[in-house]
Each structure stands twice: as structure tokens, then as C-alpha cells.
Amino acid sequence: MMRDIGSSISDAIFENIGRAAGRVQENKPLASDLLESDDAYLVVFDAPGTTASDIQVRYVDDRVEVRIDRFRDFYEGFEMRYPGRGLALDGSVTLPSDAAVDPETAQATLKSNGTLHVRVPKAEAGHDEDAATDVGVETDDSGTDGGAEADADTDVEGEAESADEGEDDDA
């Protein structure tokens, strides 16, 4: 009886610790880098444990915004002791104030190493851009980081693809 009570208390403690850790992770913005070339900006976000269908990318005003709603896998023969990983993660990067970009042609690629590359091409000064633009996310299973050049040939105008769909991306 005392052993059952002790086990129940420890389970409750572990569960609360896990939930707290998940909340901390959800409140911390996604780590990111902003890079610039002659013809585009490249924003690289850390997006481990996600698929393209988990990710929403938007260009709003002068910001690249990312929202990740990931799900936990179920493992046969195991039960969840405590949930410790955040499920809803957000991040944004503000481009320089003088940046003239074309968000309509922006591309987002989820790399196999767990990074999300969002490439926003530069536009001529005075380009009229919408207030908010959704950017589709494609998966790159090539196993390489590839930099901005790998993203340049990827068309993401259509719906997001998931690596689980079994399609080969030879872009």
C-alpha cells in the first residue's frame, strides 16, 4: 500500500515536471539565423522532430513567421510517463527595415537534418508586397544542408509534402 502511494506521488511529480518543461520549450522562440545574399534572404530555423505538414510559414509585413504544431508518436509496448517536449513552437525573424522582398515567390524547405530554410527573394525597391503571404513547406530528403542554392530550385507553390508520403524529391 505504501509502495503504491509512493509510486502514485512520483508519477504525479514526473508528469508535472514534464508538463512544465514542455511549457518552457513552447514559450521559448525557435532558434534561427538570418543570412543575406545578393538576391535573397535566407532564414534558418531549428525544427527537429517535425514533418512539412507540421509547419506553417508566413511572411507578414517585414517578418518571416513560423509555427510548428508537432505531434507525439506512439511507441508500441511503451506508455507515456511524462510529456516533456513542447508541441506548439513559434519563431519569427524580422528582416532589415530597408529590405525589399517578393514574398509571393518565397520558398520553405524542411531539411533532413531538422532545419527549416525559408528563402525570401529580394525585389526591386518600391515592389508592392501583400501584408501577409503563406509559404508552402516542402521536404528535402537529399541528406545535405545544401545552402540557399538547393532551395532555389524548389517550387513550393502547391500543398506541403511530408516525407512520409514516399515521394522522392529530386529538386
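What follows is a chat about this predicted model and the reasons behind some of its labels.

Colleague: Let's begin with Ile9. Why is Ile9 called partly exposed?
Modeller: Its relative accessible area is 47%. Buried would need under 20% and exposed over 50%, so Ile9 falls in between and counts as partly exposed. You'll find Ile9 in helix 1, residues 2–27.

Colleague: Which residues make up the nonpolar patch on the surface?
Modeller: Ile5, Ile9 and Ile13, with about 260 Å² of accessible area together. A patch member needs over 30% relative accessible area, and Ile9 has 47%, so Ile9 passes that cut-off.

Colleague: How do you know that the charged end of Lys122 sits over the ring of Tyr41?
Modeller: The distance to the ring centre is 5.1 Å. As for aromatic pairs, a search of the whole structure finds zero.

Colleague: On to the strands. What makes strand 3 and strand 4 a pair?
Modeller: At least two bridges are needed. Strand 3 (residues 55–60) and strand 4 have six, so they pair, in the antiparallel sense. Val60 stands opposite Arg63 there, and in the hairpin, with two residues between the strands, Asp61 takes a positive phi near 55°.

Colleague: Which residues form the covered face of strand 4?
Modeller: Val64, Val66 and Ile68, while Arg63, Glu65, Arg67 and Asp69 form the uncovered one.

Technical notes. Residues are numbered from 1 along each chain as its sequence is written. This is a predicted model: local features need pLDDT of at least 70, side-chain atom pairs count only at pLDDT 80 or more; totals for chains, interfaces and linings use all residues. Side-chain values use heavy atoms; hydrogens and water are left out. Patches are made of residues with over 30% relative accessible area and no salt bridge: like charges are joined within 9 Å, nonpolar side chains (Val, Leu, Ile, Met, Phe, Trp, Tyr) within 5 Å. Accessible areas come from the Shrake-Rupley method with a 1.4 Å probe; for residues, only the protein chains shown count as cover. A salt bridge is a side-chain nitrogen of Lys or Arg within 4 Å of a carboxyl oxygen of Asp or Glu. Helices (H or I, at least four residues) and strands (E, at least two) are DSSP runs, numbered from the N terminus. Buried means under 20% relative accessible area, exposed over 50%, partly exposed in between (1.4 Å probe, protein chains only). Rings of Phe, Tyr and Trp (its six-membered ring) pair if their centres lie within 6.5 Å; planes under 30 degrees apart count as stacked, over 60 as edge-to-face and the rest as tilted. A charge sits over a ring if NZ of Lys or CZ of Arg is within 6 Å of the ring centre and within 35 degrees of the ring normal.
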